Amino acid sequence: MKKIIFTYLLITTYTATIAQNNSHIDGKQRKPNILFIFADDLGYGDLGCYGHPYMETPNIDKLAREGTKFTRYYATGTTCSPSRTGFMTSRHPASYEKYMPFHDFAGKPTITELLDKNGYVTGHIGKWHISGDKNPPNGTYGIQDLRVIGNSKNKEAGKDDDIFDAAIDFIEKNKDAPFYLNVWGHISHYRVDPHEKFPARFANLQVNKNDFGVHFQDKIDRSARLVPDVNTAMHKYLGEVWSLDLAVGRLLKKLDELGLRDNTIVVFSSDQGPAPNRREVNADHDSTLTASMLGSAGMLKGGKHTQFEGGVRIPFIVRYPGKVPQNRTNDISILSGLDWLPTLCSITSTPYDEDETEGLDASDIWFGKNANIDRYLYWKPSNENGAISILHNNWKGHEDNSTNEFLLYDLSVDELELVNVADKFPSIVNDLKTRAYQWEQTLPGKYIK
């Protein structure tokens with residue numbers, strides 16, 4: 001009897017060890033899994049943990065409590081493909097002569113190619129929008145399992161549920177090997193028209209403009225001019241993002257069930273700021289649905305298509321138990337999507353050519369170092385006449401091609417970018433303009449669409 005009990009305890013202990021300690025193989029620490037959840041057009045202020053007064057995102061908020069939330073993380077572009085290019089290649093999108101949605105990355109290595117060579121199982125599920133091939137084959141950019149998936153076929157399940165179902169399938173199949181997985185959703189890209197069960201959760205909510213900053217109040221007014229009831233429009237947006245949070249919760253639960261939590265880096269972010277809700281002239285766009293595009297950049301100015309803070313500052317949450325500090329907000333470090341590739345290569349001991357990249361290794365900041373990288377960040381569309389924006393610490397400069405002015409904002413006292421202080425700080429303006437134009441000289445003189 002004692003032998004039976006001992007055998008049972010041994011088996012139980014062994015099984016628990018496998019489930020809870022899936023990070024070790026043959027006594028050696030296994031490289032961490034990487035799970036990159038990337039929303040589409042989700043604003044900096046669209047999550048509960050980033051201050052939205054109405055939004056319910058309990059699973060993403062919990063992820064932030066279990067890791068570190070960054071408040072100065074920047075996209076490299078103001079639309080979908082340019083931002084994704086920065087993350088994938090650590091190269092500024094304006095540095096590519098051929099526009100990325102219709103062409104490849106001109107031989108520049110991607111994070112997936114590098115990790116593939118370092119023994120990772122690599123996957124990409126969901127939105128693509130980074131090359132001319134709408135249905136690229138497995139092996140593209142080193143991605144072994146590449147599934148381009150649109151909106152869910154069953155609307156009642158939530159727009160991105162097919163993507164998250166496929167992500168769960170990928171993780172179950174590859175739980176025993178280090179994996180890198182992009183989970184790139186469609187929420188909250190146009191159109192925001194969720195199944196009625198999601199907005200119903202917010203049916204009693206009444207919009208009060210005073211709950212928001214001045215920039216978002218203008219957005220509420222625009223929606224109110226498009227539809228009879230702005231509350232209904234807000235309910236749709238809240239319900240859409242809530243459905244995303246439910247899907248994220250299912251995915252994180254699966255990591256726990258498989259014993260992968262402790263050895264998986266989970267990152268949640270968005271490609272750029274929230275889309276505008278102006279009336280569309282395109283006949284395919286319904287103005288009543290446009291009114292539901294109520295993504296929020298919080299107090300920040302601008303959104304998608306703009307280089308103001310609301311267009312390029314994005315939510316960025318990292319969880320990596322035992323490595324990334326828990327329940328921490330980093331308000332100091334100014335980081336960029338360009339840093340994605342070098343940071344992950346550093347953490348995973350993956351070789352890469354620093355001369356081929358523009359980002360920096362920020363792993364020590366992820367792991368809790370209270371520091372800022374002293375550098376200049378730039379934005380410019382892939383257009384010969386596109387205006388440049390530049391950031392250095394709290395100084396944000398913008399070219400205004402319509403007036404030939406150079407605007408300067410001091411984000412330390414004016415995050416809303418309301419007061420142009422260029423006249424008061426000519427030396428700062430001169431430095432930013434000089435560096436912006438020097439950077440522009442490194443870019444292609446002509447772009448190919």
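This is a predicted model: local features need pLDDT of at least 70, side-chain atom pairs count only at pLDDT 80 or more; totals for chains, interfaces and linings use all residues.
In it, the peptide bond joining Tyr190 and Arg191 is cis, with omega at about 5 degrees. Another cis bond runs from Ile187 to Ser188, where omega is near 15 degrees. Ser188 also belongs to the loop between strand 7 (179–184) and helix 6 (214–226). These bonds deserve a look because most peptide bonds are trans.

Most residues other than glycine have a negative phi. Asn393, however, has a positive phi near 55 degrees, and you will find Asn393 in the loop between strand 13 (389–392) and strand 14 (395–400). With a relative accessibility of 28%, Asn393 counts as partly exposed. Asn404 is not a glycine either, yet its phi is positive, about 60 degrees. Look for Asn404 in the loop between strand 14 and strand 15 (405–410). Its relative accessible area is 74%, so Asn404 is exposed.

Finally, turn to a pair of helices. Helix 2 (residues 58–65) packs with helix 7 (residues 230–257) at an angle of about 55 degrees, and their axes are 7 Å apart. The two helices are therefore oblique to each other. Helix 2 makes the contact through Pro58, Asn59, Ile60 and Leu63, while helix 7 brings Asp245, Leu246, Val248, Gly249 and Leu252. Sorted by class, this contact holds six nonpolar residues, two polar ones and one charged.

Key:
Residues are numbered from 1 along each chain as its sequence is written. Side-chain values use heavy atoms; hydrogens and water are left out. Axes are lines fitted to C-alpha atoms, for helices over the stretch in contact, and angles run from 0 to 180 degrees between N-to-C directions. Helices (H or I, at least four residues) and strands (E, at least two) are DSSP runs, numbered from the N terminus. Angles under 35 degrees count as roughly parallel, over 145 as roughly antiparallel, 65 to 115 as roughly perpendicular and the rest as oblique. Contact means heavy atoms within 4.5 Å. Ala, Val, Leu, Ile, Met, Phe, Trp, Tyr, Cys and Pro count as nonpolar, Asp, Glu, Lys and Arg as charged, and the others, Gly among them, as polar. Buried means under 20% relative accessible area, exposed over 50%, partly exposed in between (1.4 Å probe, protein chains only).
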